[in-house]
Amino acid sequence: MLFCVNSAKIKLVMPMAGDLPADKYDLTIKELFTGSEEELISFFGRLRANVLRYLNVEFPKLEVKRSDLILECRTETGPVAVHLEFQSANDKEIPFRMLRYATELHSKYKLPVYQLLIYFGDRELNTDDGLAYRFNSQNYLEYRFRAVDLGNITHEEIKNSACYSLYALLPLTDRKRRKRAEEQFLKECAADIAQAPLDLENKRKALLRAEIFAGLFFEEQIIETVFREVENMLNLEESAGYRRIFEKGMEKGMEKGMEKGMEKGMEKGMEKGRQETLRENVLKLLHRKFKKLPAQYTEKIKTADEYTLGLILDHIFEINTIADLD
């Protein structure tokens, strides 16, 4: 995520395509939907599941890890390890990575594995949803996972699902319609969130997430035009979650037409804001993983630089002991 200065205020938006590597988008969507895993599984996976706990698998330290969410769930047909993978770009290596996860998960937890790839790229999904070969009757492979292209899901499908935490994904749906009438489509998304049967705080949260995701495909000016009115209507800046994001190292209420000479100072403030948000996320995940993080490690996190914090976040599923954190 990047902090972006708009004409009259500071807003948080997703970087436009090309600004960050695709896996950074994947990590962001995972972070924003922590806590909504059951609705993600139900809607995209067509599987009713109750999340019991987070799971993890370990890979060689040199292997680049991608975003993933792995959960132990209870279903009508028994316990299962659910692996959710978020992908923003076509990648021919996905089936091989998914198979490695499946075998490692099954080996470690002795559970059947249900895998779901959620793709939200700008182009059509063009990746195999499995692997297969047959050498002879005793040496063969038949492997599949469920792959969902969010751009092929209609706006109405999510709107009518009653999975309200998924409303934030509306700007990523309906690829053809979205490209044909960008501003009108985004207006409908924002209006549906504003009219959803949610309390005010959850509406604000969904709206902020939708604005972040809109940054993947829509021009900044369109986002500004569409969301300004709804934000004012919902008093978005009064939201506790919204305030937490912006009050770290950033000054509210920027006046339109600020002099370019102030931009360097703002860049430093934005950098500090990103680092503080990253630090909070790292601390939250480590406290969740270790239940009680020793005080000396909390202090180390508070003084760590952005590179170190990012490294911890990228390898959070590999960190299983304090020794790993060291």
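Colleague: Which sense do strand β5 (residues 78-87) and β6 pair in, and over how many bridges?

Modeller: Two strands pair if DSSP finds at least two bridges between them. Here β5 and β6 pair in the parallel sense, over seven bridges. Gln 115 in β6 is the bridge partner of His 83. This is a predicted model: local features need pLDDT of at least 70, side-chain atom pairs count only at pLDDT 80 or more, and totals for chains, interfaces and linings use all residues. Residues are numbered from 1 along each chain as its sequence is written, and side-chain values use heavy atoms, with hydrogens and water left out.

Colleague: How are the strands and helices defined?

Modeller: They are DSSP runs, numbered from the N terminus: helices are H or I, at least four residues; strands are E, at least two. The protein has 13 helices and nine strands.

Colleague: Which strand does β6 join through four bridges?

Modeller: Strand β9 (residues 146-149), and the two run parallel. Leu 116 stands opposite Arg 146 in β9.

Colleague: How many residues of β6 are buried?

Modeller: Buried means under 20% relative accessible area, exposed over 50%, partly exposed in between (1.4 Å probe, protein chains only). In β6 (residues 113-119), five of seven residues are buried.

Colleague: Why do the buried residues of α11 line one face of the helix?

Modeller: An α-helix has 3.6 residues a turn, so residues three or four places apart point the same way. In helix α11 (residues 295-303), Tyr 297, Thr 298 and Ile 301 are buried. Seen down the axis, they fall within an arc of 105° (directions from the helix axis to the C-beta atoms), so they line one face. Exposed Ala 295 and Thr 303 sit on the face turned away from the buried side.
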